Amino acid sequence: MADLEFRIVAETFDSMERITSRTQLTLLLVRLFKETPPEVIDKIVYLIQGKLGPEWKDIPELGVGEKMLIKAIALAFKVNEDKVVKLYRELGDLGRVAEKLCSEYRSKLKGAGQGLLAFMGGTEEAKLTVTRVYESLYKIASAQGEGSRDLKLRILAGLLADAKPLEARYIVRFIEGRLRVGIGDATVLDALATAFGGGVHAREVIERAYNLRADLGLIARIVVEKGIEALREVRPSVGTPIRPMLAERGRDPAEILRKVGGRALVEYKYDGERGQIHKKGDTVYIFSRRLENITSMYPDVVEMVKKHVKADEAIIEGEIVAIDPETLELRPFQELMQRKRKYDIHKIMKEVPVAVFLFDIVLRDGQDLTMKPLLERRKNLEEIIEKSDTFTLATSMITSDPDELWNFFLKAIEEGSEGVMVKAVHDQSIYRAGIRGWLWVKLKKDYKSEMTDTVDLVVVGAFYGKGKRGGKLSSLLMAAYNPDTDTFRTVCKVATGFTDEELERMQDMLKEYIIPHKHPRVDSRLTPDVWLEPKIVAEILGAELTLSPMHTCCLGNVRPGVGISIRFPRFIRWRPDKAPEDATTEKELYEMYRRQLRKVEEEVKA
Ligand code: ATP
């Protein structure tokens with residue numbers, strides 16, 4: 001089987017680490033992809049993203065802690081553990097430690113001549129390949145149960161012993177989950193389009209396929225092996241999640257109706273967890289909004305699906321909501337989240353019963369329904385569901401009247417929903433997987449604040465506090481997402497809203513993501529005390545949106561030299577259910593700012 005030397009991957013990582021421009025990063029990736037034989041392109045895609053496969057595949061954690069890693073390094077390069085620990089203290093990076101010790105070990109072997117080299121395993125000429133590295137890591141992750149520690153240690157030490165110094169650096173960093181070369185999905189898509197689709201114009205086809213089959217490795221493999229045309233044929237498939245369709249936000253019923261084309265299907269916006277339900281025969285999978293496999297959290301929903309979905313094969317979507325089993329009243333999201341504590345799911349299942357409110361269907365017995373208009377999909381959904389009290393369709397109505405919409409919204413809130421989803425029903429109202437657009441508009445209840453809605457921002461840096469909070473990272477630099485450039489641009493610093501306990505917990509959490517320099521996908525004018533990998537999303541509420549020369553979000557869009565910021569931002573809660581790319585976008589903040597301006601103008605006129 002054709003393979004790629006891991007050396008080439010390690011050298012690419014090394015170059016990437018020193019680059020801060022996304023264009024250059026993409027070019028390096030294009031070069032790497034072009035050198036990669038088709039058979040291993042999927043593995044390359046996973047490895048550069050620091051994983052062994054898409055999250056939903058439930059590949060076990062590597063299960064190698066720092067202690068074991070130190071042991072493996074010592075074993076591989078024949079030094080004692082104390083030496084590894086000492087070096088670690090000096091260099092502060094186990095990747096660098098492995099690199100240094102590997103280099104010393106190799107020169108020692110060379111000095112001793114080929115005889116000793118052969119005696120010690122003859123590793124000088126052994127060239128690590130991508131397959132060898134990937135499979136070893138996979139074996140390490142798969143080793144479970146009794147004796148697995150030893151097995152993990154042996155595989156890892158063996159792998160490191162065969163590595164060149166630079167390779168050792170990245171193997172160790174991968175295991176620590178600190179690859180940090182800054183490659184997001186969008187960069188991979190761009191690079192695939194340039195490398196195999198003839199240019200960035202191919203990005204759209206690749207992205208659509210990826211939206212329908214959320215496995216970047218698989219998509220890369222199809223484009224390399226079968227060409228861009230084959231990607232046009234990609235359909236949703238049971239077992240592989242599709243990326244969810246998302247909604248824009250609106251405030252004024254009349255304007256929302258205009259945006260969706262006059263007439264709309266209006267549904268309750270339930271406050272629970274989105275469930276993408278896949279069924280084939282008796283097999284059921286449930287994927288979350290972030291496409292994690294959450295089937296094991298909802299054995300009761302699995303049973304409902306088996307009982308109430310009449311199609312043999314289907315992919316349907318709905319909101320899973322905690323309910324009061326007696327009255328069937330809707331309960332808040334926080335109650336549902338108790339299910340996240342995985343132990344004794346059967347006990348929690350009784351304590352937190354749920355109902356499912358379905359709102360879409362994308363696959364029915366082999367037929368891809370994504371290109372059908374909403375009402376046709378809804379009809380298909382209705383046909384295959386045998387409704388019950390706790391497994392039913394989202395409460396809905398069709399209207400083109402703003403007053404009627406408003407009354408329905410009030411009723412939705414009264415019954416415990418967050419608001420309503422207003423959905424286009426015209427001929428073009430297809431299911432746009434992975435896309436946030438104006439085919440769906442959410443209208444949510446107001447928060448008690450002047451800022452009309454909360455925003456979800458990504459932590460990209462942090463500052464140490466003073467006084468009581470001295471020595472603690474207590475102010476976070478927050479950024480919005482720009483999907484066009486795949487970058488995070490700063491909006492504000494948040495230092496209020498954290499309880500003391502939260503602040504404590506936060507220290508450990510942040511430590512995980514500290515990096516030595518600004519992340520290449522972050523655009524900032526401020527320099528925080530520590531830079532962080534853009535990974536954590538938090539919900540933020542402020543008094544109002546303002547203009548600021550310190551921040552890069554929407555820089556120059558309203559006025560030259562200033563960006564959009566938030567006045568008196570407060571931390572509300574973490575959003576572990578959101579990936580950084582799901583954060584509020586620059587464009588959304590711009591629209592919120594415009595709306596705020598209009599409101600002020602109206603008030604002045606009145
Ligand atoms: P939010 O930040 O408001 O929770 P989000 O960013 O997760 O939203 P949005 O597209 O903004 O996603 O809002 C849609 C979400 O609302 C869906 O992901 C789904 O979980 C939930 N939802 C509840 N009821 C419905 C419904 N009837 N139709 C579609 N989505 C619904």
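## Ligand contacts

A polar side-chain atom of Arg-436 sits 3.1 Å from an oxygen atom of the ligand. Taken alone, the ligand exposes 600 Å². The protein buries 94% of that area. This is a predicted model.

In the side chain of Lys-269, an N or O atom is 3.1 Å from a ligand oxygen atom. Tyr-270 uses its backbone instead: a polar atom there lies 3.1 Å from a nitrogen atom of the ligand.

## The shell around the ligand

The ligand is surrounded by 19 residues. The closest are Ala-247, Arg-289, Glu-319, Lys-442 and Lys-444. By class, the shell has 12 charged residues, seven nonpolar and no polar ones.

Four strands each supply at least two shell residues: S1 (246–249), S2 (264–269), S10 (419–424) and S11 (436–444). S11 gives the most, with four residues.

## Domains

The protein is divided into domain 1 (51–176), domain 2 (246–448) and domain 3 (455–605). Domain 2 and domain 3 each provide at least three residues of the ligand shell. The C-alpha centres of domain 1 and domain 3 are 38 Å apart.

## Pro-353

Pro-353 is in the loop between helix H17 (345–351) and strand S6 (354–364). Is Pro-353 buried or exposed? Pro-353 counts as buried because its relative accessible area is 17%, and buried means under 20%.

Leaving aside neighbours within four places in sequence, Pro-353 is in contact with Val-321, Ala-322, Ile-323, Pro-325 and Arg-339. Ala-322 is 31 residues from Pro-353 in sequence, yet their C-alpha atoms are 5.8 Å apart in space.

Note on methods: Residues numbered from 1 in each chain as written. Predicted model: local features only at pLDDT ≥ 70, side-chain atom pairs only at ≥ 80, totals over all residues. Heavy atoms only, no water. Domains from an automatic or database assignment. Buried < 20%, exposed > 50% of the residue type's maximum accessible area, 1.4 Å probe, protein only. Contact = heavy atoms within 4.5 Å. Near = heavy atom within 4 Å. Polar contact = N/O pair within 3.5 Å; in protein donor to acceptor, adjacent residues only side chain to side chain. Areas by Shrake-Rupley, 256 points an atom, 1.4 Å probe, with all protein chains shown as cover. Nonpolar A, V, L, I, M, F, W, Y, C, P; charged D, E, K, R; others polar.
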